[in-house]
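Hello,

Here is the structure I said I would pass on. My notes on the salt bridges and on one helix follow below it.

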Amino acid sequence: MQPVKTKLTSLLGIRVPVVSASMVYATSAELAAEVSRGGGFGFFGIASAAVTPAKLREDLSRARLGLLSDAKSQPLPIGCGFIGWMMDSQEEEYTELLDVALESGVKAIWLSFGNNLYRWIQYIRASPAYRVCSPSIFVQVTSVDEAVQAVNDWKVDVLVVQGNESGGHGRSTAPSTMVLLSEVLALLPKATAPPVLAAGGIAHGMQVAAYLTAGASGAVLGTRFLLTRESPYSAAQKSVLLAAQSHQTVRSLAFDDARGTNRWPAGIDGRGVRNRIVEDIDAGVDHATVQERFRNAAQAGGDSDSDYLLVWSGQGVSLMDEIMPAKAIVEELHVEIVQALRCAQQFLS
């Protein structure tokens with residue numbers, strides 16, 4: 001299949017302008033590696049509560065062996081993602097994890113949702129390991145102001161523009177992905193701007209092609225890669241996604257209230273599949289009761305009460321109907337993107 005050439009594919013040396021989102025607690029080094037093996041670029045979302053530095057080093061070493069054989073000097077063609085407010089709240093733990101990612105030679109670092117992201121960008125660029133592999137720094141933004149700051153002041157390598165349709169965490173007042181992308185592109189100098197990626201509600205290569213023609217250099221998909229064999233989502237969570245329709249997703253703080261992770265920057269909430277968590281919070285059930293029900297459901301893996309599972313989901317979920325290997329999804333997206341781009345040419349003939 002013909003490679004798709006954009007600023008992103010040139011920067012990362014990939015064939016398909018598709019990136020799997022850096023979803024904490026919902027990704028793995030294996031998932032990221034399979035996305036990259038398919039021709040896209042995969043990210044592994046890192047949380048100190050989910051992985052130790054030793055385990056992260058082991059996971060990244062295994063990914064390197066699978067992707068590069070014995071090529072120890074080459075950058076590892078996956079990325080690691082970090083959430084800013086988590087890094088700020090546990091600086092020592094996350095500094096160690098970040099060091100492991102850099103020392104392992106990952107090709108990219110993704111930063112999001114923090115009030116002090118620039119200090120972490122500075123830390124990365126000052127690292128001795130950065131001078132060896134020079135990983136690209138991705139920064140996720142949810143507003144025009146954030147985008148301008150990231151490009152003009154921080155000189156980021158890749159800008160991820162996240163619209164309201166996205167699953168997981170995002171800005172409650174963000175416009176749609178297409179509107180925000182258009183606003184951001186209108187303010188950036190075309191010749192010198194970094195690759196800009198569209199994120200939010202994307203499930204099909206046709207949508208990726210539409211964003212490419214609008215000026216994006218690629219697209220980020222999250223929910224689509226939850227429905228993979230490699231995703232750490234449970235069978236119960238995947239079943240919820242397969243049955244969900246776009247109108248069943250909702251932006252809410254209720255999911256974080258239930259999980260006890262409500263320290264996100266102001267204006268940030270999360271989109272997931274609406275269930276009894278949201279209904280109970282909206283009905284005024286006290287948070288202690290909701291958190292106990294959530295813990296019980298999580299410990300049971302959804303076997304006892306699947307309607308109390310936390311299932312993040314973007315609005316594109318209604319376009320997904322099967323669980324596939326991550327590599328196969330990227331390959332399918334590649335075909336769809338090329339077909340859509342070729343089809344678009346007919347309007348100029």
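Which residue forms a salt bridge with D269? The partner is R251, and the closest N and O atoms of the two are 2.8 Å apart. This pair links distant parts of the chain, with D269 in strand β11 (residues 268–273) and R251 in strand β10 (residues 249–252), 18 residues apart. Please keep in mind that the model is predicted.

Are D269 and R251 buried or exposed? D269 has a relative accessibility of 8%, so it counts as buried. R251 is buried as well, because its relative accessible area is 15% and the cut-off for buried is under 20%.

Salt bridges that share partners also join K55, E58, D59 and R62 into one network.

Other salt bridges

The count of salt bridges comes to 14. As background, side chains of opposite charge can pair when their charged atoms come close. Two further pairs are described here.

R119 and E91 form a salt bridge in which the closest N and O atoms are 2.9 Å apart. Here too the pair links distant parts of the chain: R119 lies in helix α6 (residues 117–126) and E91 in helix α5 (residues 91–103), 28 residues apart. R119 has 36% relative accessibility and therefore counts as partly exposed. E91, at 40% relative accessibility, also counts as partly exposed.

E146 and R171 meet through their side chains in a salt bridge, at 3.0 Å from N to O. E146 belongs to helix α8 (residues 144–153) and R171 to strand β7 (residues 168–171), so that the pair links distant parts of the chain, 25 residues apart. With a relative accessible area of 26%, E146 is partly exposed.

Helix α16

Helix α16 covers residues 326–344, which is 19 residues. Why should it span 27 Å? The figure follows from 1.5 Å a residue, taken times one less than the number of residues.

Which residues of α16 are buried? They are A326, I329, V330, L333, H334, E336, I337 and V338.

If you open the model, the pair D269 and R251 is a place to start, with its N and O atoms 2.8 Å apart at the closest.

Regards

Terms used. Residues numbered from 1 in each chain as written. Predicted model: local features only at pLDDT ≥ 70, side-chain atom pairs only at ≥ 80, totals over all residues. Heavy atoms only, no water. Helix = DSSP H or I, 4+ residues; strand = E, 2+ residues; numbered from the N terminus. Buried < 20%, exposed > 50% of the residue type's maximum accessible area, 1.4 Å probe, protein only. Salt bridge = Lys/Arg side-chain N within 4 Å of Asp/Glu carboxyl O.
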